[in-house]
Amino acid sequence: MSDVALNVLPVFALILLGWVLVRVGYLREELGEGLGEFVFRVAVPVLLFRTIAEADFAGGAPWRIWVAYFSGVAVTWTIAHFVATLGFKRDRRIGVLAGVSAAFANTVFIGLPLVSRVVGEDGLVAISVLLSVHLPTMMIAGTVLMERAERKEGVREPQSLSVLLLGIVRSLVRNPLVIGLFAGALFHAGGVPLVGPVKVMVDQVAAMAAPAALMSIGMALVRYKVGGNARIALAMTALKLLLLPGCVYVACRLLGLPPEWTAAMVLTASVPTGVNAWLLANHFGVGHALASSTITMTTALGVFTVSFWAWLLG
């Protein structure tokens with residue numbers, strides 16, 4: 001347990017520090033937004049670039065990572081949808097948002113630093129492989145399902161699937177994470193080594209990714225509150241922190257993933273809900289309180305559940 005505390009607690013301590021600095025007024029909330037933009041547009045893309053460029057995929061086939069992780073996502077998302085619509089009697093749109101809140105992990109801002117600290121370089125390779133398809137898959141699924149739910153509820157004119165997907169593709173092509181992964185894949189495929197001053201610069205920028213990401217997510221938490229959806233948000237929190245990593249763990253064992261890759265996938269699945277849940281709610285104008293409450297609850301309780309999963313995998 002001492003090793004777990006040494007690896008997990010600093011991750012959440014940096015999140016707490018970022019929150020406290022803004023909450024007491026020592027730093028402005030706008031600084032957190034700027035730091036988050038730097039992490040998303042510069043530090044993490046460089047980290048992903050370096051990881052893929054120097055990766056050793058001898059541990060197994062990357063497709064098994066995707067199958068293991070997204071099978072857990074599919075189970076959790078489906079159960080969350082039915083809990084919201086049948087258990088809490090909410091409409092289909094809230095059902096979709098419940099699925100996103102329970103299954104969309106904060107892979108970039110918390111997952112990457114956590115896996116880097118607990119698992120190491122092999123774990124970073126695994127989560128980088130996951131990130132190559134995670135954001136496109138989750139955003140396409142969430143957007144398409146929400147459009148379908150709106151048609152069923154009759155609250156908005158339907159948008160053609162081709163126009164919808166074209167907009168998502170355009171957004172992904174400009175996404176810094178996708179660009180970083182693609183550039184790393186080109187270097188890896190071409191066998192181009194990172195050496196000399198370029199290697200030093202890349203390493204220095206990549207080293208900023210983890211602490212800056214954790215501080216920025218803590219600073220951003222000030223804007224998320226626990227609203228009037230506490231009961232349903234608590235249910236989504238339980239699914240996110242317990243069911244999703246549990247399903248991913250079982251899938252990893254069934255597929256025979258190496259221990260380092262299994263640990264990386266389970267820890268990634270165990271982290272709090274990502275801000276993408278709130279962004280989707282904001283885009284479609286529904287479920288802001290549910291997304292906000294789930295983000296806050298999963299972050300507050302995540303230190304305990306993530307510690308449990310880290311201990312189990314140790």
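**Exercise 1. Find which residues histidine 288 touches, leaving out residues up to four places away in sequence, and say where it sits.**

Step 1: Histidine 288 touches Trp278, Ala281 and Asn282 once residues up to four places away in sequence are left out. A contact here means heavy atoms within 4.5 Å.

Step 2: Histidine 288 is found in helix 13. Helices are DSSP runs of H or I with at least four residues, numbered from the N terminus.

Step 3: Relative accessibility is 29%, so histidine 288 counts as partly exposed. The cut-offs are under 20% relative accessible area for buried, over 50% for exposed, and in between for partly exposed (1.4 Å probe, protein chains only).

Step 4: Now look along the chain. Leucine 97 is 191 residues apart from histidine 288, and their C-alpha atoms are separated by 9.2 Å.

Before going on, a word on the model: it is predicted, so local features need pLDDT of at least 70 and side-chain atom pairs count only at pLDDT 80 or more, while totals for chains, interfaces and linings use all residues. Residues are numbered from 1 along each chain as its sequence is written, and side-chain values use heavy atoms, with hydrogens and water left out.

**Exercise 2. Work out how helix 11 and helix 13 pack.**

Step 1: Two packed helices are described by the angle between their axes and the distance between the axes. For helix 11 (residues 259–270) and helix 13 (residues 288–313), the axes come within 9 Å and cross at roughly 170°. Axes are lines fitted to C-alpha atoms, for helices over the stretch in contact, and angles run from 0 to 180 degrees between N-to-C directions.

Step 2: That angle makes helix 11 roughly antiparallel to helix 13. Under 35 degrees counts as roughly parallel, over 145 as roughly antiparallel, 65 to 115 as roughly perpendicular, and the rest as oblique.

Step 3: Pick out the residues. Helix 11 brings Thr262, Ala263, Val266, Leu267 and Ser270, and helix 13 brings Val306, Trp309, Ala310 and Leu313.

Step 4: Sort them by class: 7 nonpolar, 2 polar and no charged residues. (Ala, Val, Leu, Ile, Met, Phe, Trp, Tyr, Cys and Pro count as nonpolar, Asp, Glu, Lys and Arg as charged, and the others, Gly among them, as polar.)

**Exercise 3. Describe how helix 4 and helix 10 cross.**

Step 1: The axes of helix 4 and helix 10 come within 8 Å and cross at roughly 40°.

Step 2: Helix 4 and helix 10 are therefore oblique to each other.

Step 3: On the helix 4 side you'll find Ile94, Ala98, Ser101, Ala102 and Ala103, which meet Ile232, Met236, Leu239, Lys240 and Leu244 in helix 10.

Step 4: By class, this contact of helix 4 with helix 10 has 8 nonpolar, 1 polar and 1 charged.

**Exercise 4. Decide whether lysine 89 is buried or exposed, and check its phi.**

Step 1: Lysine 89 lies in the loop between helix 3 and helix 4 (92–103).

Step 2: At 68% relative accessibility, lysine 89 counts as exposed.

Step 3: Most residues other than glycine have a negative phi. Lysine 89 has a positive phi, near 60°.

How values were computed: Helices (H or I, at least four residues) and strands (E, at least two) are DSSP runs, numbered from the N terminus.
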